[in-house]
Every structure is written in structure tokens, then in C-alpha cells.
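Good morning, and thank you for making time for this presentation. I would ask you to keep the sequence and the structure in view while I speak.

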Amino acid sequence: MDALYECRRCGVVSRFGEDLCSPRKRQGKEAYCGTAPERGNMCDEMRERLPFVCGICGRPAREGELVCKPWITG
Ligand SMILES: [Zn+2]
Ligand SMILES: [Zn+2]
């Protein structure tokens with residue numbers, strides 16, 4: 001899988017580091033899916049339009065393929 005990023009503050013994952021308030025590079029979803037996401041304030045960008053959340057671990061994501069069981073949020 002291509003590079004992806006996790007936000008150090010709110011735990012959102014995205015392919016694009018610039019979407020996140022404090023991006024940290026990750027190698028794959030095994031590195032974070034199944035772990036509890038950070039509970040900081042959501043990035044401003046993501047709070048507006050966060051499309052997915054993992055149905056198993058609750059991890060928020062910008063793209064569904066970045067989590068183990070993507071659910072589309074409202
Ligand atoms: Zn998950
Ligand atoms: Zn964030």
C-alpha cells in the first residue's frame with residue numbers, strides 16, 4: 001500500500017498528510033487499526049466532512065480502504 005498518515009492528535013487516517021493537523025507517516029493499517037484512536041479534538045478539516053469510521057475499532061478515516069471495516073458516516 002502507498003504511504004498513509006495518521007493524525008497524532010485525533011487519530012484520523014488519510015493518504016494525504018496535508019489533510020491532518022499533525023500527520024505521522026504509517027506503513028499500513030495494521031499499524032493502527034484495532035488500536036483505540038486518540039481522543040483529541042478532531043482536525044478542523046475532518047470535523048467538517050469525515051466520510052468513514054471503522055465499524056470494529058472506531059478509527060476515523062478519510063478513505064474507507066484505510067480501515068478494517070469501513071462504515072460510511074452520515
Ligand atoms: Zn479497524
Ligand atoms: Zn487531527
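Two strands are said to pair if DSSP finds at least two bridges between them. With that in mind, please note that what you see is a predicted model.

Let me begin with the overall layout. The protein contains one helix and six strands. Read from the N terminus, the order of its elements is β-β-β-α-β-β-β. Of its 74 residues, 35% are buried. Turning to contacts between residues at least 6 apart in sequence, 39% of them link residues at least 24 apart.

I now come to strand S1, which covers residues 4-7. Which strands does S1 pair with? One partner is strand S3, residues 23-26; the two run antiparallel and are joined by four bridges. Another is strand S2, residues 13-14, which pairs with S1 in the antiparallel sense over two bridges. Glu 6 illustrates both pairings: Glu 6 lies opposite Arg 24 in S3, and opposite Val 13 in S2.

The side chains of S1 deserve a word as well. In a regular strand, side chains alternate between the two faces of the sheet. In S1, Leu 4 and Glu 6 point one way, while Tyr 5 and Cys 7 point the other way. All four of these residues are buried.

Between S1 and S2 there is a hairpin with five residues between the strands. Within that hairpin, Gly 11 adopts a positive phi near 85 degrees.

Ala 36 sits in the loop between S3 and helix H1, residues 44-48. Val 67 sits in the loop between strand S5, residues 60-61, and strand S6, residues 70-72.

Is Ala 36 buried or exposed? Ala 36 has 10 C-beta neighbours inside 10 Å, and therefore counts as exposed; the cut-off for exposed is 12 or fewer. Val 67, by contrast, is buried, because 23 other C-beta atoms lie within 10 Å, where 20 or more are required.

Each of these residues also has a partner from elsewhere in the chain. Ala 36 and Gly 58 are 22 residues apart along the chain, and their C-alpha atoms are separated by 7.3 Å. Val 67 and Gly 55 are twelve residues apart in sequence, with 8.7 Å from C-alpha to C-alpha.

Which residues does Val 67 touch, leaving aside those up to four places away in sequence? They are Lys 29, Cys 33, Phe 52, Cys 54, Arg 59 and Ala 61.

Thank you for your attention.

Technical notes: Residues numbered from 1 in each chain as written. Chains lettered and ligands numbered in written order. Predicted model: local features only at pLDDT ≥ 70, side-chain atom pairs only at ≥ 80, totals over all residues. Contact = placed C-beta atoms within 7 Å.
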